[in-house]
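Here is a short report for a reader new to this structure. It covers the domains, one interface and some salt bridges.

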Amino acid sequence: MIIKAVIGVLCAAVVLAIGIVIGHFGINNSSAPSWLNDVAKDVDESLIEKFLAEVDTIHIQENLRELTDVPHMATTPGDEKTVQTMLRRWQDADTGLDDAWREEYNVYLSFPDANNPNKVTVVDAANAVQHSIREREKAYTSDQDDPEVVQPYAAYSPAGHAKGKLVYANQGKPSDYEQLSQTLNLTGTIAITRYGGAGRGAKAINAAPYGVVGVLVYTDPLDINDGFMSDTNETYPHSWYMPPSGVERGSFNRDFGDLLTPYLAAKEETYRIPPENIVGIPPIPIQPIGFEDAYILICALGGDAAPSEWQGAFNCTYNYGGPGFKPTSEFNNSDVKMDIYNKEVIKNSANVMGVIRGSVEPDRYVIYGNHRDSWVHGAIDPSSGTSVMLEITRVLGWMVKQGIWRPRRSIIFGSWGAEEFGLIGSAEYTEQYFAKLSERTIAYINVDIAVFANATLRASAMPSLQNVIFKASKEVNAPGESSTSVYEAWKLHSNRTSPTHGVIPRLGYLTGAGSDYAAFVHYLGISSIDMSYTYDRSKTNARIYPAYHTAYDTFDYASKYIDPGFVSHQAVARTAGNILIRLADSLLLPFNCSDYAEILEDYLNTAVTLYQQQLEAHKISTEPLKRAVAMFRTNAQQLEKMIHNSDLANETPLKVRRINDQLMLLDRAFLDPLAFPDKYAFRHVIWTSSSAGKATFPGLADAFAQAESSGLDSDWDKVHYHLSVVSQAIEGAASTLADVI
């Protein structure tokens, strides 16, 4: 009895104690665990205002000055210097991140031979040199005289010796070579092409089947300089235009990532394919040259006049070539000779990674990236982006160190290495951490070239991120103006009419592999943004800023002609940082699925207009595609209605997490690893690259163009296949927006 009594007393005491605890927390919410408040906390608007106020033009300017002190091509001593700069800044005790480290990869790169430079000459029948192409650009400042300035070359062009009569092949597109071959026998010729129209390496890949043995490529002043050609008073150093000896360097491979380790991270012990098994690189030698030499060669060509659309800015008629030069030319009966000594090596390349750990959801990542390596000094590409990233991390790092702020979710910063050789650093990172990034990444923000010029913002992104981009841009003053926002200036320069929102800025789409967003979008299906400040296209025809990939892309060029005062850099830093904080801190992710539905409907309408009649003639129905898009719209609206009617701050954390996962994983639902077997790492069926040039579903557009051209039943079967692929992908994505079952 005594034992039973003691047990009874103890039980009563325990029950009483539990009751007191429950009553204490129930009555006095202020004594509840601190994490309860953290879980329900939303983005702090006053903190964003503080961030915007702290972003400083002088810091950005000095970042750029330091980053461009020496040429820093991937894996060179200059590149290692920038690695150390990033580590020093991100490990700083007062303004650094929680952690920073280097991530090494062993990657396959291509360089010219410094002891045996590439040569292009015009030689007569006795092999005597009549003209030599300039091997190095003319120096106007000490920057261009730096011994580490690499000779202009085509990375991944094979070494070799080619000699033949010269022909002009416009932009080196398949259609250009086909048209040229109707007039000339191209076997054994050297083709000169201009940049644009086709990818760099494609100019040689397209040429080889016609018997062309070598290719030269140059930048026509019509395409980059608005026709200006003289360095006496028209081009750099007098303006932003490319001077006559300027040469655009570049990587001439088709696929991104390390070429020897497809779908594998390029670590030391990783399996590598034999170099002879690499696809998508030039099969014949190719070399870039300046337009001063291209002018001499093209104006001496014989043969018939090329069509008007092939003509450029030179004050002569662009002829096809005889093949070869005019009988009246000093080069009559002469050949062009190419001696290319490029070599391929495997070298260590580093990404520099940094992190601010999240306080509530550390296993959810917002990633912000920019590549670090350049062809020469790289003031605009990529150091404008790196200087902006360093300023963002300085301000955010200071807030963390001062105890002012810690993000809800973790922020990862990536300074990617070897991007110029084919987006290598970012691609290897996604391959190494495929599972972790696929499951945990909210979004990726890419700011590579932060400023092309200072006219207007340019952004490309998944449609679901449109709303947060617009919101952030409305809160930042346009460069040099206090009364106009970045948003309003953007809308003024580039806009479209939305059925839902009216006139809004035009947001581009991430349909290709132009920068480090490629692996995140196409391989992992992560919602991404790529942004910069750019020029007013009504005032110039330049396809990109004129010093791109040349020795003239220096601090002097950037500070005089691209962004004097660095106010556009500041606007980009404020806008990108604003977006970053909102993605990292918002209780509910700031995604809008109805904006995605609107773009899918636009794509559907285009497909129906362009293709439905012929599809029906081949007994292919568009009804599954129409149903899928309608289902996506319905489910998007229902999800947003549910969100709108919920008091999320008082919902259970698991419900908020569930909704956020639906939003985060939306773009993953569009991945199909089997849809594009001929396109390396392209798996997103909405945003994969397309050669059809139509604003609609890319797989369907390309398949339709091929079937229409060939008329083969097997090609129409592929059209049906791609229509089924995209229909089921959209339907699958729509189902992820519905209530969990």
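## Terms and basis

A residue is buried under 20% relative accessible area, exposed over 50% and partly exposed in between (1.4 Å probe, protein chains only). This is a predicted model: local features need pLDDT of at least 70, side-chain atom pairs count only at pLDDT 80 or more, and totals for chains, interfaces and linings use all residues. Residues are numbered from 1 along each chain as its sequence is written, and side-chain values use heavy atoms, with hydrogens and water left out.

## Domains

The domain assignment gives domain 1 (1-30), domain 2 (45-110 + 345-542 + 568-585), domain 3 (117-340) and domain 4 (593-737). Such bounds come from an automatic or database domain assignment.

## Where domain 2 meets domain 4

The centres of domain 2 and domain 4, taken over C-alpha atoms, are 28 Å apart. In contact (heavy atoms within 4.5 Å) are 34 residues of domain 2 and 22 residues of domain 4. The two domains bury about 2,300 Å² between them, 47% of it on carbon and sulfur atoms. Buried area is the accessible area (1.4 Å probe) that two parts lose on being put together, summed over both. P463, Y509 and H522 supply 24% of the area that domain 2 buries against domain 4, more than any other three residues.

Four salt bridges cross the interface of domain 2 and domain 4. A salt bridge is a side-chain nitrogen of Lys or Arg within 4 Å of a carboxyl oxygen of Asp or Glu. R496 and E598 form a salt bridge through their side chains, at 3.0 Å from N to O.

## Salt bridges and a network

The rule counts 39 salt bridges. In one of them, R364 pairs with D661 at 3.1 Å, N to O. The pair links distant parts of the chain: R364 is in strand β13 and D661 in helix α20 (residues 653-664), 297 residues apart. Helices (H or I, at least four residues) and strands (E, at least two) are DSSP runs, numbered from the N terminus. R364 counts as buried because its relative accessibility is 8%. D661 is partly exposed, at 21%. Salt bridges that share partners join E361, D363, R364, R408, R409, R657 and D661 into one network.

## A buried serine

Which strand holds S415? S415 lies in strand β14 (residues 409-416). Its relative accessibility is 0%, so S415 counts as buried. Leaving aside neighbours within four places in sequence, S415 has contacts that include M86, W90, N370 and R372.
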